[in-house]
There are 4 protein chains.
Amino acid sequence: MPNSSSSLSSAKPFFAHPFDDDKLKEECGVFGVTGVTDAANFVALGLHALQHRGQEAGGIVSYHPDHDFNSVRRFGYVRDNFTKQSLMETLPGSLSIGHVRYSTAGSKAAAIRDVQPFFGEFSMGGAAIAHNGNITNADALRRELIERGSIFQSSSDSECIIHLMARSLQRNIPERMEDALRRVEGAFSIVAMTRTKLIGVRDPLGVRPLVLGQIGEGWVLSSETCALDIIGATYVREIEPGEMVVITGEKVESSFPFRRQKPRFCIFEHVYFSRPDSIIGGRSVYETRRQIGVELAREAPVEADLVCPVPDSGTPAAIGFSQESGIPYAMGIIRNQYMGRTFIEPTESIRNMGVRLKLNVNRALIQGKRVILVDDSVVRGTTSRKIKEMILDAGAAEVHFRIASPPTAWPCFYGVDTPQREKLLAATMSEEEMREHLAVDSLKFISLDGLYRAVGEAEGRNKSCPQYCDACFSGEYPVVPADMVSKGFEMKAAE
Amino acid sequence: MPNSSSSLSSAKPFFAHPFDDDKLKEECGVFGVTGVTDAANFVALGLHALQHRGQEAGGIVSYHPDHDFNSVRRFGYVRDNFTKQSLMETLPGSLSIGHVRYSTAGSKAAAIRDVQPFFGEFSMGGAAIAHNGNITNADALRRELIERGSIFQSSSDSECIIHLMARSLQRNIPERMEDALRRVEGAFSIVAMTRTKLIGVRDPLGVRPLVLGQIGEGWVLSSETCALDIIGATYVREIEPGEMVVITGEKVESSFPFRRQKPRFCIFEHVYFSRPDSIIGGRSVYETRRQIGVELAREAPVEADLVCPVPDSGTPAAIGFSQESGIPYAMGIIRNQYMGRTFIEPTESIRNMGVRLKLNVNRALIQGKRVILVDDSVVRGTTSRKIKEMILDAGAAEVHFRIASPPTAWPCFYGVDTPQREKLLAATMSEEEMREHLAVDSLKFISLDGLYRAVGEAEGRNKSCPQYCDACFSGEYPVVPADMVSKGFEMKAAE
Amino acid sequence: MPNSSSSLSSAKPFFAHPFDDDKLKEECGVFGVTGVTDAANFVALGLHALQHRGQEAGGIVSYHPDHDFNSVRRFGYVRDNFTKQSLMETLPGSLSIGHVRYSTAGSKAAAIRDVQPFFGEFSMGGAAIAHNGNITNADALRRELIERGSIFQSSSDSECIIHLMARSLQRNIPERMEDALRRVEGAFSIVAMTRTKLIGVRDPLGVRPLVLGQIGEGWVLSSETCALDIIGATYVREIEPGEMVVITGEKVESSFPFRRQKPRFCIFEHVYFSRPDSIIGGRSVYETRRQIGVELAREAPVEADLVCPVPDSGTPAAIGFSQESGIPYAMGIIRNQYMGRTFIEPTESIRNMGVRLKLNVNRALIQGKRVILVDDSVVRGTTSRKIKEMILDAGAAEVHFRIASPPTAWPCFYGVDTPQREKLLAATMSEEEMREHLAVDSLKFISLDGLYRAVGEAEGRNKSCPQYCDACFSGEYPVVPADMVSKGFEMKAAE
Amino acid sequence: MPNSSSSLSSAKPFFAHPFDDDKLKEECGVFGVTGVTDAANFVALGLHALQHRGQEAGGIVSYHPDHDFNSVRRFGYVRDNFTKQSLMETLPGSLSIGHVRYSTAGSKAAAIRDVQPFFGEFSMGGAAIAHNGNITNADALRRELIERGSIFQSSSDSECIIHLMARSLQRNIPERMEDALRRVEGAFSIVAMTRTKLIGVRDPLGVRPLVLGQIGEGWVLSSETCALDIIGATYVREIEPGEMVVITGEKVESSFPFRRQKPRFCIFEHVYFSRPDSIIGGRSVYETRRQIGVELAREAPVEADLVCPVPDSGTPAAIGFSQESGIPYAMGIIRNQYMGRTFIEPTESIRNMGVRLKLNVNRALIQGKRVILVDDSVVRGTTSRKIKEMILDAGAAEVHFRIASPPTAWPCFYGVDTPQREKLLAATMSEEEMREHLAVDSLKFISLDGLYRAVGEAEGRNKSCPQYCDACFSGEYPVVPADMVSKGFEMKAAE
């Protein structure tokens, strides 16, 4: 695959911040709609609501009987690309799907070729697919497909699916998709379309979310419920793990083409990835996070004057912590709402102010106070250190970190961008070592059981058969990451 | 002045949202620094921190003995324009000032000509000025200056100052500036520069803020303290109402060239304009707003299940209301952080979803609850209605609005973009009429005395000689808005 | 294939002028170089010299052992895209190929996906190809390949070659290319590259040109010699019809993998496509065109005062006509050198000035004169009419058209963009009918034999076995255009 | 004046080529029209036809009673800016003027502020002016105006005019313009407009051209007649030296407000600046240039095989030379028509190919031949050297240069961009020294008398009272260049 720069857009790089490295990154959001006029407009709105799942690029495909398939793929935010009347008019039709993405860690450079939905022209017509998740045997599949004459256009693992479909001997596209997905390992929540059908599929473990909604006579598929709200659609149900739905006109057909397994939904969706106004498994994400704060206050109480969230993701847990502990909640750190991902620090000399571009301490409030800082997670620990320094500079008497997730000690291979294992602070340090490293007065993570309780598992984690995928905390991977293992990744020894 | 489109930039319009109409808009932020290497980089950071004071456009001027004055003025956010190494290198020197602005209501179209700082070449050298505020006799001054042969380049009231300076007979620029400002009525906080001097001035009433900071051996002038924090400068003091400071190298000279008056700082800076992490008159803006919430809970209690802020500006008052009332604080409305000012609703058919693009109700939380919504102000009432509808659609049992400012019944003429008086809800309706109009279970504004108490005036407002400019609430204008009066604006009859 | 708009570039349409329709359009130029530092810079220069062969878009691929394959493809002129240091630095390495293209008539909209070189990743490594010509059985091949699981990314006929190569069972890329090209019918002059090899191939008829040059220790392949001149390379020889050269380091290996046929080079390359400073078959293109003018003056003399070229393509023939006839040569029509392909007539009301934007009559010179206008060809006749009107408006006494090619009565299917047959003036009218249609005093085309004499065939055209492909004049197609015939195109009945 | 970068456009620099340095550059073209619907469209076409007079930037102002004055000023070609329907719709009205410009040698960087037309708002209404020429006492005027309180917005000499007008005590704009222009020295052909009037003025010497045309009921002012042709206007007459015409509706009023002087039209307009299809003083520019070739063949004959123009400006003289000498005319040098001003040579290593990007030798034609090269002028001699080398590399037996103007030994201060005197080859070398420097077999310039004969002065140049301004050849400046003299420029000693 040549490194390509086919457009002006790709010449404009999207720089991640040093302090943005300190979060895990959901890699994708998917959305599709059928049965509405100008479906692509709805997809644009849906993707806007899912922007937190992928900020680097977005794409929309639509189909209209008189205008065939049309596709627009762009770097940048949905609001900056898919909002111009003139552009949206190039995407006519009542059937449309879309995708937002964050770049994979490994890729050398952003390329428009890697932006989904991907499209394939088959002998029975075209199909487009948008994939959230990650195929853990993609390298092996790619090698095999190239050997047999397929030409890949992107560096994306998801492109395998379209080539497997192209080579299937099945007579229609949904069956070809089943064929293809049976060869695929890992996590996938897929929204796809043909000239007449909207298709949704979820891998047997159901690692990534996918929900079904209804709008008028039409149907919607979305990564999260918050994107149903924005278009005024009503929530119907989740697509089940291992389920495929094929929507033709008003008819929704459901099947379960894969071997059944016990579901293992990603618990980190509750902790950080999903939007707080989404509902997962019937639970408010916001309420789950607030409950994490409550559990954390019980597990790791401390005397202090203020409970402050690290904005914005620590906010619900901080509210819960404050309510459980009775210590007043306060906005000790203010976020600059005009901060964008594209801010480039002007010069070397100023670069080390880093996190100040994004956050500022509420100095008058903090001075002389014992402060509890609630954050959602600690990944590399780089931002945590900087925030602690800002708080101390402002005159805080004590700084106590409370983290709304267990220590992140293992990389995710199911559609999340994580640093290599050795970069994860918790992979090499104990909790006390981390506290020393961050030089704070105390540091406590919620326990794995506490987290399970917060998501509604009153008994905590079922050790022999965990209810969720929590590999990033536990190192117990529900699917062997075959490509990574063949590249030398060492899995945790069985206990 | 011809309507000009001198650049691609100006071809890209910045659309205000219908629901953005429902806030008063600060029109400008100013920032200047001297005595640091690559001063323009510091100005860029400072303006980034002041972006909430003006999002439409920004400009920076710098001076270097070998490269003369250099200037860059652009539409759009600071982070999108003033962050490229190649651009910043065109602004060399250790002395620099900058400006961010929001467009004035009356101007037909955005024009790069109207973006400050303004520059004038005088016989003793050049000077650049950046102005926050509004000149209330600008029309009369402009007519007189044109009559005498001045050629205006912009439609901005601030350009008068530079022409008045050009015609002054004084021998140096600071004295010419005094000369000019003595002719000017209204509100002005000005940061200006010559080849060797950084100058700050505040009108005798001190309507708009201006603070002095120190960074290493250098000095900083800024609209707010939050912009000192971002560059690591230390806060020294406020420039006093009616004061002019002239900074030459490390030396700061202060004078009071205008007739002394009793100061009347804008109380709305406390309510909404300034950033919560800024400090005004020695008080934390955040703490003042939280205190407003406390006062509001005392003045207008109500039984309810949840206290929810209208994000983001209602947050501190909501925290205060919750703490005083004991009713739990909750994020009932979630803000889409990827919403930008430039989002254009895709098509007519979708346009009426309006506020949903920006805000979503936390449905699972709200259902069946009695909700108190805390907002900072009600201007036209359009957004308040939409938010109320969203909350009810989500199944709330009751909706109670609590507003952290008195009814906004009069336009501001001192540097704030306000609708015409007849568009202000409170100009034509009583509180009960507004409640009916918004169709909520209750609606209460903080009293003017309550607001004064929250800003630290234990006795409330001094009716005979108010401590602040509160014309937008009281209709008592400390400076007669001469141009507006001559256009037919009717001031409140003396009581 | 979805209609795609993957980039800002593609949002900028390239409008052809009404009067540009009146030329046949060469569709491509190809260029490759190996054995020089920063080879892509040389390719950029070569493509700039070949810009007349394709103005819509261009692409360059390069290979560097440390940086792999890199590719840039853009709409617009070479000079506007491939001249920025920062861009060219993304194309490192000593081996590089490039392509310029004009859009195919049939394509709905310009798409960056259709811009060559095309790239394929095979199990033994990657290869890029750039193709000048047209594959006449591309539709059939595409159908077959899709049936077998290939996924096409473009609407280009040339993409078949890369898929055929992907499916070849040969072990190395040159042999896979032979395999692929044996399945292909039509015209092809190809420049290709692997990680170590520069490859050139020409179809057995040798319809399109391809030459070999040398630069230092390195080698060059180019559509025309003028592109050797620009980089200071020396001309070595033409690639022979049916020849494949594989250049590895300094070594050039030649083979003839196809069944030998009698060559049929495109005679229109002499008339119009190639640049006058190129050398084809050892003959100066300029001199051939001047000689056409000489033949034309002999075949179709007329009394007149001035011989004027229709600029710029008629110039050499006009010089020849003047020299043979003794009638003075003059610039009766002046071309606006700032005319670009992207000029859009401002408004409907002005649109009918058409050709005036590009050409102006030298009024003072023409007035009262009998004028001979020499043009290279008549396609639809639309421009000829307008030029005649301009000449008469300027007061010419008589207008005589002399055309440096025979009547263009048949479309080309070998890599030239021609109107459908019914749009060709000569397809439906006799010479006298055309004269009446154009309303000129006389109209004469050179005879087919005269044209053959001018290109050096003293005996004229060999009717039983023509020395050139002259299908556009004669309707005798050396390769059956299979796809077109299956779409209903009727070939000329055998005589 | 701060160096400004107010727009994206100005971030895109326009590089002059090294080999473009070798021409004198006309600095401006002006055009205005009244009495037609959508006048700005006509101005765009007129400026397109005048693009050869200034390629760096262009501007258009229009006036419509309902929409006031509107203005668009842009860097780049007319065809790239003033052709979009959406842009042209921002310039409504039946009265419009425009300007194209080349940057002045002295300016540090291109700035949109320097692009004309300039606009001034006076107490009796606005006026816009577009100026071709140069004000030789602009520095002194600027100093005086600044001293008195004027603020300059550009670095252009032309801005003085608008400030002088602003300070005039006259009651209407035409009279204020007279007032202003009486203070001004140098060359000016001005097109200006008020809300109701189109105004044209020419300085008393009439150095730069300006013509009057008619279109329907409307009137046109243009630098050259070729711009009348493009909009279908008929030529009426030249504006006379020292004349001012004020056009109100259909009425044209003429006056002569300046002290009468003997006209001294710029003879270089005939040699190079004006387009060959323009008519000046009743003479075809093309025919004058052909006649220069005839004179040159008589004055400086030489035995040779071919007469070749240096394209494109040497073409008419080469035709004349060939016709007078009987030596065949041939296109020995081919110009790349896709060469633009913005081409930046890719890398240092390739930079020295210079002129090859633009010109290529017709190798097959030149080989072994004695070649006469006809060029319009020799300025620095840099291009002449490169062309000679290309010709010799291609195998020419002899190279003879014939130059269609006398040696250019003095800079122009009347609106032409010339190098400093010491950079002019002819300022420091005799004809024989230049021949040696260029290393050609012979080099001959036309004599000053020969040039005068070619423009129709049968007796040649009137030494005591020259009919034209020929200061660039003779050093006899009809207006003392006051600013330059005060900067140290030494005029030729009186003989």
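Modeller: In this predicted model, 53 residues of chain C are in contact with 55 residues of chain D, where contact means that the C-beta atoms of two residues, placed from the backbone, lie within 7 Å. On the chain C side, the elements that contribute two or more residues are helix 1 (39-49), helix 2 (78-81), helix 3 (85-88), helix 7 (226-231), helix 9 (285-299), helix 10 (315-325) and helix 12 (363-366) of chain C; helices (H or I, at least four residues) and strands (E, at least two) are DSSP runs, numbered from the N terminus. Helix 1 of chain C supplies the largest share of that side, five residues. Sorted by class, the side of chain C that touches chain D holds 26 nonpolar, 16 polar and eleven charged residues, with Ala, Val, Leu, Ile, Met, Phe, Trp, Tyr, Cys and Pro taken as nonpolar, Asp, Glu, Lys and Arg as charged, and the others, Gly among them, as polar.

Residues are numbered from 1 along each chain as its sequence is written, while chains are lettered from A and ligands numbered from 1 in the order in which they are written. Local features need pLDDT of at least 70 and side-chain atom pairs count only at pLDDT 80 or more, whereas totals for chains, interfaces and linings use all residues.

Turning to the sheet, six strands of chain D form an open, antiparallel arrangement in the order 7-8-9-10-14-15, two strands being paired if DSSP finds at least two bridges between them. Strand 7 (118-122) and strand 15 (251-255) of chain D stand at the edges with a single partner strand each, so one side of each has no neighbour in the sheet. From one strand to the next the twist averages 20°; axes are lines fitted to C-alpha atoms, for helices over the stretch in contact, and angles run from 0 to 180 degrees between N-to-C directions.

Within this sheet, strand 8 (residues 125-135) and strand 9 (residues 186-193) of chain D pair in the antiparallel sense over eight bridges, and D:Ala128 stands opposite D:Met193 in strand 9 of chain D. Helix 5 (residues 159-167) of chain D packs on the sheet by touching strand 7 and strand 8, its direction making about 10° with that of strand 7 of chain D. Helix 6 (residues 173-182) of chain D lies across strand 7, strand 8, strand 9, strand 10 (197-202) and strand 14 (244-248), and runs at about 20° to strand 10 of chain D.
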